[in-house]
Amino acid sequence: MTFDATTINMLKTGIWETFYMVLLSSFLAYVIGMPLGIILVVTDTDGIHPIPLLQKILGLVINLMRSVPFLILLFIVLPLSKIIIGTRIGSPAIIIPLTIAAAPYIARVVESSFREIDAGVIEAAKSMGASTWQIIWKVLLPESKPSLLLGAALAITTILSYSAMAGFTGGGGLGAIAINYGYYRYEPELMWIAVILLVVMVQIIQEIGTRLSKKSDKRIR
């Protein structure tokens, strides 16, 4: 492999495309997944506003969506990307399947974070006459902030791994470089460079999430 200016520019483009796909799809997935996670907790039998039927139906839908392997979901959703964006290839087209794949996962992460909160704190808010929205905004979200930040780091690294798999369908980013230029063109050095860059990105995201979580944890003071 000749490590020339063209290769360096290709890697720079791959890093940018990966960040673009991961950050935008993570944002959109949280826009969908966060409310779903809140609804799962609030409408549970022991929740703030119990609606067991809604909770069970929503939980079933989320579990079904999480059960579909990402590569299969990718091929199923790419026609939707064609309709919305006008293409099935490239980084913008992959954002839609990434968002759809990540949103149910994030909903469960948010649900898990909320369930870690001491029930006594919620009961105290109820006894003071707090409404459902007040409990969500002033109790659930602040109390679960450290866990939510850790969960966000985990969710984003999962989306990063999904984006690498999207290279099989021309999704762009470092995953596409590793597959199309490293594997198919028999340049293992380039493949390993792309893989190492992905690992470094995962470590950076995980470290940022861990530090923000510790900083926001009122118990570590």
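1. Helices (H or I, at least four residues) and strands (E, at least two) are taken as DSSP runs, numbered from the N terminus. With 25 residues, α4 reaches 35 Å from its first C-alpha to its last, which is close to the 36 Å expected at 1.5 Å a residue.

2. On the basis of these notes: this is a predicted model, in which local features need pLDDT of at least 70 and side-chain atom pairs count only at pLDDT 80 or more, whereas totals for chains, interfaces and linings use all residues. Residues are numbered from 1 along each chain as its sequence is written, and side-chain values use heavy atoms, with hydrogens and water left out.

3. On the overall arrangement, the secondary structure of the protein amounts to nine helices and zero strands, and the pattern read along the sequence is α-α-α-α-α-α-α-α-α. The C-alpha trace spans about 70 × 45 × 25 Å along its principal axes. Among contacts (heavy atoms within 4.5 Å) between residues at least 6 apart in sequence, 70% join residues at least 24 apart.

4. On burial and surface, buried residues make up 44% of the 221 residues in the protein, where buried means under 20% relative accessible area, exposed means over 50%, and partly exposed lies in between (1.4 Å probe, protein chains only). The protein exposes about 12200 Å², of which carbon and sulfur atoms supply 68%; accessible areas come from the Shrake-Rupley method with a 1.4 Å probe, and for residues only the protein chains shown count as cover.

5. On the nonpolar core, the term denotes a set of buried Ala, Val, Leu, Ile, Met, Phe, Trp, Tyr and Cys residues joined through side-chain atoms within 4.5 Å. The largest such core has 51 residues, of which F114 and L140 touch the most other members. Two or more residues of this core come from each of α1 (5–42), α3 (70–84), α4 (91–115), α5 (119–127), α6 (132–143), α7 (145–165), α8 (173–183) and α9 (188–216), and α4 gives the most, with 10 residues. When residues up to four places away in sequence are not counted, F114 touches I38, V41, L140, L141, S144 and L148.

6. On α4 itself, 21 of its 25 residues are buried, so this helix is largely enclosed by the rest of the structure. The helix bends by about 30° at A103, and a proline, P104, follows within four residues; the bend at a residue is the angle between axes fitted to the seven residues ending there and the seven starting there.

7. On α8, eight of its 11 residues are buried, and the helix is therefore largely enclosed by the rest of the structure. Those buried residues are G173, L174, G175, A176, I177, A178, I179 and G182, and they pack against α1, α4, α7 and α9. From the side of α1, where G14 is found, a contact can be named: leaving out residues up to four places away in sequence, G14 touches G173, L174 and I177. G14 counts as buried at 2% relative accessibility, while its C-alpha atom is separated by 21 Å from that of A102, 88 residues apart along the chain.

8. On V77, which has its place in helix α3, the relative accessible area is 7% and the residue is buried. Its contacts, leaving aside neighbours within four places in sequence, are I96, P97 and I100. The C-alpha atoms of V77 and P97 are separated by 5.7 Å, although the two residues are 20 apart along the chain.

9. The side chain of D118 reaches the backbone nitrogen of G120 at 3.0 Å, and the C-alpha atoms of D118 and E143, 25 residues apart along the chain, are separated by 9.0 Å.

Methods: The expected span of a helix is 1.5 Å times one less than its number of residues. A polar contact is a pair of N or O atoms within 3.5 Å; within protein, one must be able to donate a hydrogen and the other to accept it, and residues adjacent in sequence count only if both atoms are side-chain atoms.
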